Every structure is written in structure tokens, then in C-alpha cells.
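The structure is shown first.

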Amino acid sequence: MEEEEKKILEAIKADVRANADLVEERVNEETRAMQEDQIEFFRKGLEKENKTYLEGELKDLRQYAATKSSTDRLNTKKQLLELRQQLVSELFDEVRSDLKKFTTTPAYEEYLRTNVRKLKTTPSGYFIVRVQDETLMKKILKEEGLTNSMKTEYMPIGGFQYVDKDARMEYTCMLQDRLADAQQWFREHSGFNLEESEEQA
């Protein structure tokens with residue numbers, strides 16, 4: 001991978017790393033709070049048991065407590081999974097926003113130019129770009145002495161594709177793909193997972 005792409009991927013990874021600790025800390029705080037609430041609930045319940053109920057009533061209450069504990073564990077796990085999904089979604093919304101800002105900088109033009117220079121183009125190859133980048137890409141191709149045709153398609157962020165069907169070649173440097181790479185890296189390296197640990201009946 002060339003230097004510019006490495007810089008972009010490293011910047012994305014650094015952003016993910018910086019936010020991963022915050023995400024994990026917020027989940028841990030939520031877990032501790034839920035556990036403390038549950039402990040306090042059962043402490044008060046047991047105090048009431050010791051003072052008020054006869055042996056038979058204690059048995060019924062213990063069954064209720066066991067059922068409620070199991071239900072609470074499932075509810076807590078569901079809430080934590082929902083919280084994790086929300087925090088991860090917010091994290092990558094920020095990364096996506098940063099990438100969109102990047103497409104308005106001079107560094108983005110250099111990113112496109114660097115990737116164009118990597119290609120061995122032929123007359124049959126063509127470029128696919130987003131509408132917003134059409135003028136910029138025409139300028140780059142002209143400056144690089146390329147006369148390949150260009151098509152515009154919807155792209156969520158930016159970058160381009162080069163397609164040469166005759167040479168059976170396709171090259172992409174779309175920023176959406178770089179974001180997907182970062183999300184995959186996050187899933188594999190963040191260590192931020194809630195394991196399926198609920199006891200099976």
C-alpha cells in the first residue's frame with residue numbers, strides 16, 4: 001500500500017483507537033451501575049425475608065428472586081449490546097464525517113493524483129467518480145496526460161474506481177472502502193466484545 005493510503009488508514013485507525021477506550025469505559029460504567037442496583041435490590045429483599053416471612057414464603061420468594069435474577073441478567077445483556085451498538089455507530093459516524101471533511105482539502109486532490117499515478121492505463125479503461133469530483137478528476141487526468149473516459153456514479157464519500165474490462169482489471173481507492181477496512185480492523189483488534197456467556201438451560 002502506498003504512503004498516502006497508509007497515512008489515511010493510520011489516521012482512521014488512530015481515531016478508532018482513541019475512541020475505543022472511551023466506548024469500553026462507558027460500557028463498563030453502565031455494567032457496574034446495573035450490578036450495584038441489582039445487589040441493592042436483593043440485599044433489601046433478603047433483609048425483608050429474614051424479618052417477615054415464614055419458611056414456606058421464603059421458598060417462594062427465593063424462586064421469584066432466582067427468576068428475576070435470570071431475567072435481569074438477560075435484560076442487562078440486551079441493554080449493554082444495544083449500548084455498544086449505539087456507541088460504535090456514533091464512533092464511525094465521526095470517522096465518516098472526518099473523511100467527508102478530508103475530501104474538501106488539498107490533501108484529497110493529492111490522494112487522488114497519487115492513486116491515478118499507480119495505474120497502468122490503456123485506452124479501453126475508464127474512471128468512475130462521484131459527481132462532486134468530476135471536474136477535479138478531469139483536471140488531474142489532463143495534468144497526468146491521460147485521455148481515458150469518465151463516468152459518474154453515486155459514492156457515499158469519495159475516491160474513484162478504474163475499470164479496464166479488456167485487461168480484466170479493476171482498481172479502487174474509494175474512501176468508503178477505507179472506512180470498511182477500518183471497521184473490520186476495529187472488530188478484529190479493539191477487544192471490545194460482549195461474549196455470549198448466558199448459561200444454557
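In this predicted model, Met137 is in contact (heavy atoms within 4.5 Å) with Leu112, Val116, Phe127, Val129, Met150 and Phe160, leaving aside residues up to four places away in sequence. A second, separate core of five residues includes Tyr126, Ile128, Val163 and Met174. A nonpolar core is a set of buried Ala, Val, Leu, Ile, Met, Phe, Trp, Tyr and Cys residues joined through side-chain atoms within 4.5 Å; buried means under 20% relative accessible area, exposed over 50%, and partly exposed in between (1.4 Å probe, protein chains only).

Residues are numbered from 1 along each chain as its sequence is written. As the model is predicted, local features need pLDDT of at least 70, side-chain atom pairs count only at pLDDT 80 or more, and totals for chains, interfaces and linings use all residues, while side-chain values use heavy atoms, without hydrogens and water.

In α4, the buried residues are Leu136, Met137, Ile140 and Leu141. Because their arc around the axis (directions from the helix axis to the C-beta atoms) is only 130°, they lie on the same side of α4. The face turned away from that buried side carries exposed Thr135 and Lys142. Helices (H or I, at least four residues) and strands (E, at least two) are DSSP runs, numbered from the N terminus.

Arg113, in helix α3, counts as buried because its relative accessibility is 10%. Arg113 also touches Ile140, Glu143 and Glu144, again not counting residues up to four places away in sequence.

| Pair | Value |
|---|---|
| Arg113 and Leu136 | C-alpha separation, 9.9 Å |
| Arg113 and Glu143 | side-chain polar contact, 2.8 Å |

A polar contact is a pair of N or O atoms within 3.5 Å; within protein, one must be able to donate a hydrogen and the other to accept it, and residues adjacent in sequence count only if both atoms are side-chain atoms.
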